[in-house]
Amino acid sequence: MNSKFSYQCNDCGREIPGEGIVYLCSECAGRQKAGQPPAGILKVIYNPLLLRGLTFKKLEENRFIDLLPFNDTRSLPFLRTGNTPLYRISGRETAIRGHELFIKDDSQNPTFSFKDRASAVVSAFAKEQEISTIVAASTGNAGSSLAGMCAAQGQKAVIFAPASAPAAKLTQILMYGAVLVPVNGNYDIAFDLSIEATKHFGWYNRNTAYNPLTIEGKKTAAFEIYSQLGHRIPDRIFVPVGDGVIISGIYKGFEDMLKSGITDSMPEIVAVQAEGSSNLVDNIGKKEFNYTPSSTLADSISVDIPRNFRMAEKYLLQYKGKTLKVSDWQILEASRQLAAQTGLFAEPAAAAAYAGYLLTCATGITGKGSINVLLLTGSGLKDLKSVQPLLHIPEAVSPDIHSVTSLLKENTDLL
Ligand SMILES: *Cc1c(COP(=O)(O)O)cnc(C)c1O
Ligand SMILES: [Zn+2]
């Protein structure tokens, strides 16, 4: 009998026992309409009796296991997942506006993206349930992350990806030894097929906004930020948003601390989307969900119907979150600036959050002395193609010093 946690439906509020494998609230999921965001996504609720007297110190000493949906941290992959650096950045904007900027560098996860936090928790749960095969539908980071974590754990990963997915995105999946199922169709079709295959073959599914444990992994970034800021809640956190799972995870982490009496306030969270893929921020508070087909170079946040829209919307409304949109050009420019000024090379989705930060600075609302945090969700090496428009690789020179001097003529500071 699992007394540690149960599930609660995000839509109808029904509680479901935390027994075995549970994905969605069957009542709400059954009422799903085409063209609308999925309903019946579940939230993990921890037994308050077991959380009595929980302090942050104890939570941290036990590697957050009191607020994680499995029993033993030794079930986690041996690869260091999460526990990423929080860098204090002093740049032009911070100097002018007199605020603080911190960057949580989650590109330093084992497979180079934030998704490892979710894959690690799902994999640990699977290990404790003696499940050996985990399946996911993905076009990129979630699939490569699950493949890497399963490789570390001696588990089998099966990744369903649209056949049109760029070859570079599939390389990690194959190198980690996962079984790749290229699907004739888009992500949504791959998603549905992966769920059918999960049922047919009796596998375990990691799909985002389907398996409720992914959010539990993602929330650990909130715990770490609180810890790394010396037990302080930041004023503002910039989060890049596609399906709305990462942002819900960050909210959930701070909410778990609030509900267990560790903290007494919530940060302001800024949801940043690309102008060409803004269906989540555009539909907040609207009676009816309407979507525009997405088109942005930031492929990790390119989403038509955000799968975790309902939960993200609820969080943003309840805790008065903010929303921002940035253009693809602003994303590229932000990516260049961030890399050149800090040495942090982010993939476009992650650079979108930095673009959102720069936009906020420009409007002057960061506030003197405020603490701002940015989630750097993925490495720039994951997507070299989209930054090509920024690059100009010089013509090769003849091996003599005159050619070098002439090549350097624009870099007068070097001469
Ligand atoms: C998945 C992902 C996101 C967006 O997360 P959602 O949960 O889909 O909102 C942002 N950045 C990177 C690098 C990602 O891989
Ligand atoms: Zn429900």
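Is Lys115 buried or exposed? Lys115 is buried, because its relative accessible area is 18% and buried means under 20%. This is a predicted model, and the value is computed from it.

**Around Lys115**

Lys115 sits in helix α5, which covers residues 115-128. UniProt, in an unreviewed entry, lists Lys115 under "modified residue: N6-(pyridoxal phosphate)lysine". Which residues does Lys115 touch, not counting those up to four places away in sequence? They are Asn141, Ala142, Ser145, Arg206, Lys218 and Ile246.

**Around strand β1**

Now turn to strand β1. This strand spans residues 5-9. It is mostly covered, with 4 of its 5 residues buried. β1 pairs with strand β3, and β1 also pairs with strand β2. The table sets out both pairings.

| Pair | Partner residues | Sense | Bridges |
|---|---|---|---|
| β1 and β3 | β3: residues 42-46 | antiparallel | 5 bridges |
| β1 and β2 | β2: residues 15-17 | antiparallel | 3 bridges |

Individual residues show how the strands line up. Phe5 stands opposite Tyr46 in β3. Gln8 has Glu15 as its bridge partner in β2.

β1 and β2 form a hairpin. How many residues lie between the strands of this hairpin? There are 5. In this hairpin, Gly13 takes a positive phi near 80 degrees.

Key. Residues numbered from 1 in each chain as written. Chains lettered and ligands numbered in written order. Predicted model: local features only at pLDDT ≥ 70, side-chain atom pairs only at ≥ 80, totals over all residues. Heavy atoms only, no water. UniProt positions renumbered as here; feature names shortened; annotations may be inferred. Helix = DSSP H or I, 4+ residues; strand = E, 2+ residues; numbered from the N terminus. Buried < 20%, exposed > 50% of the residue type's maximum accessible area, 1.4 Å probe, protein only. Contact = heavy atoms within 4.5 Å. Pairing = 2+ DSSP bridges.
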